Amino acid sequence: MIYTITLNPSIDYIVEVPGLQWGGLNRMNRDLKLPGGKGINVSRMLIRLGTDNTALGFVGGFTGRHIEEFLRAESLKTDFVHIAGETRINIKLKHGEETEINGQGPNITPAERENLLHKLSGLQKEDIVVLSGSVPPSLGGDFYDRIIKVCREAGAEFVIDTTGEPLMRALAHQPLLVKPNHHELSELFGVSLESRDRIVTYGRKLLELGAKHVLVSMAGDGAFLITPDTAFYANVPPGILRNSVGAGDSMIAGFLGRLALGGDLLESFRTGVASGSATALSDDLAGEEQIRELLPQVNLVPWL
Ligand SMILES: Nc1ncnc2c1ncn2[C@@H]1O[C@H](COP(=O)(O)OP(=O)(O)OP(=O)(O)O)[C@@H](O)[C@H]1O
Ligand SMILES: O=P(O)(O)OC[C@@]1(O)O[C@H](CO)[C@@H](O)[C@@H]1O
């Protein structure tokens, strides 16, 4: 079974205000309230790709209830810890560009924290746990480390989508997949990555440090699958960017979902890129049909 863990879910309040006037009264063209948080996005995409999974994490308040109801309506299995605090609302302002304002997240009590770890006590070695997104400050900076320890003791694989020190520490425990974007990769190593060759060189360092699979995304400029001996570059299908929220999560879901269904590495990479792009070209996360349409437009070339 695949489990996703979203420690800091959100309602993504997507607000379209063309011609935004800072400091004035603006009226929305359109708004959408979607369940968000990176792990939840991965779960929603996996379901669309036919991969059974369960979403875990902390939810509370009216916002938490909205998320649970929304996910239930999409037939997604959830096993959240219910908290006394209130799940955050993240604002995604579309005004020609995309401006994001993400909340810190609610307080999580020690009992609620232990409750989540307890839910992982039944993990088995066939399981894959996806850890994605920010950690509410009250959980402390080492909470991912604690979850990783539980996964590894059970022999379960884990995928981690985070940045900086927590990502560095996780590498030593051999994550099944990491997917930094090229900016995150450059910050991780404190270097500038002005050429694609350098992106591949530093992506390969993630393998040397322990990752089993590495994808590096570069938004509309393509993506790399990096293996110990070679690398593959994928173009992204052309189209007008409608929504970058969840594109990276969709890419992870596409790759992992295909791999979990027995796909080979290159097929999984293509599905990952097509899934990321299908979401980038849609208002919400993309559907299976949109992904299928884009697949033939993703070409892989070896990068030596
Ligand atoms: N402008 C675009 N056109 C087509 N596809 C895109 C575009 N932007 C992103 N994508 C798709 O989404 C994937 C992930 O994008 P990106 O590199 O922005 O990841 P990220 O920074 O993790 O995303 P997120 O905005 O979700 O945090 C890309 O590999 C690509 O498939
Ligand atoms: O604040 P975090 O946890 O880093 O990111 C949260 C978030 O921006 O990531 C998702 C897109 O990847 C959104 O659904 C959500 O609002």
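Helices (DSSP H or I runs of at least four residues) and strands (E runs of at least two) are numbered from the N terminus. The stretch 11-282 is the one that an unreviewed UniProt entry annotates as "domain: Carbohydrate kinase PfkB". UniProt positions are given in the numbering used here, feature names are shortened, and annotations may be inferred rather than shown by experiment.

The model is predicted: local features need pLDDT of at least 70 and side-chain atom pairs count only at pLDDT 80 or more, while totals for chains, interfaces and linings use all residues. Residues are numbered from 1 along each chain as its sequence is written, and chains are lettered from A and ligands numbered from 1 in the order in which they are written.

The chain contains ten helices and 15 strands. Its radius of gyration is 19 Å, close to the 19 Å that the globule rule gives for 304 residues, so the chain is as compact as a globular protein of that length. The radius is taken over C-alpha atoms, and the rule is 2.2 Å times the number of residues to the power 0.38. Along the principal axes the C-alpha trace spans about 50 × 50 × 40 Å. Two residues are in contact if their C-beta atoms, placed from the backbone, lie within 7 Å. Among contacts with a separation of 6 or more, 67% join residues 24 or more positions apart.

Of the 304 residues, 46% count as buried. A residue is buried if 20 or more other C-beta atoms lie within 10 Å of its own, exposed if 12 or fewer, and partly exposed in between, with C-beta atoms placed from the backbone. In soluble globular proteins, nonpolar side chains tend to be buried together. The largest nonpolar core here has 80 residues, and those with the most contacts inside it are Val129, Leu131, Val159, Leu215 and Phe224. Such a core is a set of buried Ala, Val, Leu, Ile, Met, Phe, Trp, Tyr and Cys residues joined through C-beta atoms within 7 Å. Helix H8 gives the most to this core, with seven residues. Not counting residues up to four places away in sequence, Phe224 touches Ile199, Val200, Gly203, Leu215, Val216, Ala231, Phe232, Tyr233 and Trp303.

The two ligands come next. A residue is near a ligand if its C-beta atom, placed from the backbone, lies within 6 Å of it. Ligand 1 has 19 residues around it, of which Ser217, Gly220, Ala247, Gly248 and Gly276 come nearest. Helix H8 (247-260) and helix H9 (265-280) are the elements that give two or more residues to this shell. By class, the shell has nine nonpolar, nine polar and one charged residues. Ala, Val, Leu, Ile, Met, Phe, Trp, Tyr, Cys and Pro count as nonpolar, Asp, Glu, Lys and Arg as charged, and the others, Gly among them, as polar.

Ligand 2 is surrounded by 15 residues, the closest being Gly36, Asn90, Asn102, Gly133 and Ser134. Strand E2 (10-16), helix H1 (38-48) and H8 each give two or more residues to the shell around ligand 2. That shell has one nonpolar, eleven polar and three charged residues.

Helix H9 also holds Ala274 and Ser275. Ala274 is buried, because 27 other C-beta atoms lie within 10 Å. Leaving aside neighbours within four places in sequence, Ala274 is in contact with Gly254, Ile291, Leu294, Leu295 and Val298. Ser275 is buried too, with 33 other C-beta atoms within 10 Å. Ser275 and Ala286 are eleven residues apart in sequence and 7.1 Å apart in space, C-alpha to C-alpha.

Most residues other than glycine have a negative phi. Ser75, in the loop between helix H2 (61-73) and strand E5 (77-78), has a positive phi of about 60°. Ser75 is exposed, with 7 other C-beta atoms within 10 Å. Ala219 has a positive phi too, near 50°, and lies in the loop between strand E12 (214-217) and strand E13 (223-226). Ala219 counts as partly exposed, because it has 17 C-beta neighbours inside 10 Å.
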